[in-house]
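The sequence and structure are shown first.

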Amino acid sequence: MDPGSVAKIVVLAAAGVMSVACSSSSDGETDASCEYRVEHKEHTYSDVANAHFKIGKKLGEATFPPCSDSSNDGGGQASPDSTVAYEIVGVSPKVAIAVDDAPDDVLFVEVGTDNDLPPEIKKLLKKS
């Protein structure tokens, strides 16, 4: 398989991750399996794995919204968990950010109206 095909597979997998929502278990009960998202300055970001990037300056606080399908979420009223957001060198924070509590190869891409990743994010994935 050529490197271009691998990059396409990674991008498609990342786009699939962006579309995942809460799910149910086989016994009919709801699992706490909400999408991995973070909010920062009125933007919502979804995770994309297997990216190679450099972390830039500290942007401030970001939050992981609570999962509304958890039995321990206070009826959807649980408080969000805080973390720290960082810029990604060469990418606008309006497009993507990194956070303290994520694995080293995970960045968060602004959730848009389409499922296509921005070109600057695709470039980061092609290097993987």
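## Burial and residue E35

A residue counts as buried when its relative accessible area is under 20%, as exposed when that area is over 50%, and as partly exposed in between. The model discussed here is predicted. E35 has a relative accessible area of 18%, so E35 falls under the 20% cut-off and is buried.

E35 sits in the loop that joins α1 (3–18) to β1 (37–40). Its C-alpha atom is 9.9 Å from that of P65, a residue 30 positions away along the chain. Both E35 and P65 belong to the lining of the largest pocket.

## Overall architecture

The protein contains two helices and six strands. Read from the N terminus, the order of elements is α-β-β-β-β-β-β-α.

Of the 128 residues in the protein, 34% are buried. The accessible surface comes to about 7700 Å², and carbon and sulfur atoms account for 50% of that surface. Among contacts with a separation of 6 or more, 61% involve residues 24 or more positions apart.

## The largest pocket

Rolling a probe the size of a water molecule over the atoms shows where empty space is left. The largest pocket holds about 210 Å³ of space. Its lining consists of C34, E35, Y36, R37, F64, P65, P66, C67 and D81.

T63 lies in strand β3, which spans residues 55–64. With a relative accessible area of 17%, T63 is buried.

Leaving aside residues up to four places away in sequence, T63 touches R37, V38, E39, P80, D81 and S82.

## Charge pairing

Side chains of opposite charge can pair when their charged atoms come close. The structure holds one salt bridge, formed by K122 and D116. The closest N and O atoms of K122 and D116 are 2.9 Å apart, and a salt bridge requires such atoms to be within 4 Å.

How values were computed: Residues numbered from 1 in each chain as written. Predicted model: local features only at pLDDT ≥ 70, side-chain atom pairs only at ≥ 80, totals over all residues. Heavy atoms only, no water. Salt bridge = Lys/Arg side-chain N within 4 Å of Asp/Glu carboxyl O. Helix = DSSP H or I, 4+ residues; strand = E, 2+ residues; numbered from the N terminus. Buried < 20%, exposed > 50% of the residue type's maximum accessible area, 1.4 Å probe, protein only. Contact = heavy atoms within 4.5 Å. 1 Å grid on protein atoms, 1.4 Å probe; cavity = no way out; pocket = protein on both sides within 12 Å on 5 of 7 lines; lining within 4 Å. Points joined across faces, edges and corners; volume = space filled by probe spheres on them. Areas by Shrake-Rupley, 256 points an atom, 1.4 Å probe, with all protein chains shown as cover.
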